[in-house]
Amino acid sequence: MSTIPAHDDALTPRLQRLEDKESLRALMIHGWRALDRRDWRTWIECWAEDAVLEFGPWERVHGREAVLAKVVEAEAPYTTMQHHILNMDFEVRGDQATGVGYMWFVAVADPGRTASPYAMGGPYDWDFVRDAGGWRLTRQRLGVWWTSGEDALGSFTTP
């Protein structure tokens, strides 16, 4: 037996929030899987033109093309990468949203080496806006709470 009344004025907004949250989750998974494939263009399309990236060891990066350049510079040298986004949670307010999650990143410089890959983890904090093309990231703050292995290429540590 359904618990939803035949006419529920609250149903439409509740369904919209659920759809928005699923769209945000799908955006993040789609974009960060593209990073693992080095599909830089698909990934950067998840970002708004004036987006901001804040990441522990790096300076603040402003603008979609600057974000792309910085991430390509840091990640391209690694042979294999895995970007895991865990425990995502989103709050939607009309055409704006915020989100949080956890990052678990693994990078392999030389797959033939027996040494451990470089890994790091920490919290994500996101801001989003919905435009004509759908949801886009306007800000991502990523903190590093832990690392493991050696950042052999020095891409993610401060000099």
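Arg139 sits in strand β6 (strands are DSSP E runs of at least two residues, helices H or I runs of at least four, numbered from the N terminus). Beyond its neighbours within four places in sequence, Arg139 contacts Val52, Glu54, Asp125, Trp126 and Asp127 (contact: heavy atoms within 4.5 Å). Arg139 is buried, with a relative accessible area of 14%. Buried means under 20%, exposed over 50%, partly exposed in between, using a 1.4 Å probe and protein chains only.

This is a predicted model; local features need pLDDT of at least 70, side-chain atom pairs pLDDT 80 or more, while totals for chains, interfaces and linings use all residues. Numbering runs from 1 along each chain as its sequence is written, and side-chain values use heavy atoms, without hydrogens or water.

Two side-chain polar contacts involve Arg139. A polar contact is a pair of N or O atoms within 3.5 Å; within protein, one must be able to donate a hydrogen and the other to accept it, and residues adjacent in sequence count only if both atoms are side-chain atoms.

| Side-chain pair | Polar contact |
|---|---|
| Arg139–Asp125 | 3.3 Å |
| Arg139–Asp127 | 2.9 Å |

Now the core. The largest nonpolar core has 38 residues (buried Ala, Val, Leu, Ile, Met, Phe, Trp, Tyr and Cys joined through side-chain atoms within 4.5 Å). Met28, Trp32, Trp43, Trp47, Phe128 and Phe156 touch the most other members. Helix α1 gives the largest share, 6 residues. Trp47 touches residues including Trp32, Val67, Arg136 and Leu137, not counting residues up to four places away in sequence.

Trp145 lies in the loop between β6 and β7 (146–148). Trp145 is exposed, with a relative accessible area of 60%.
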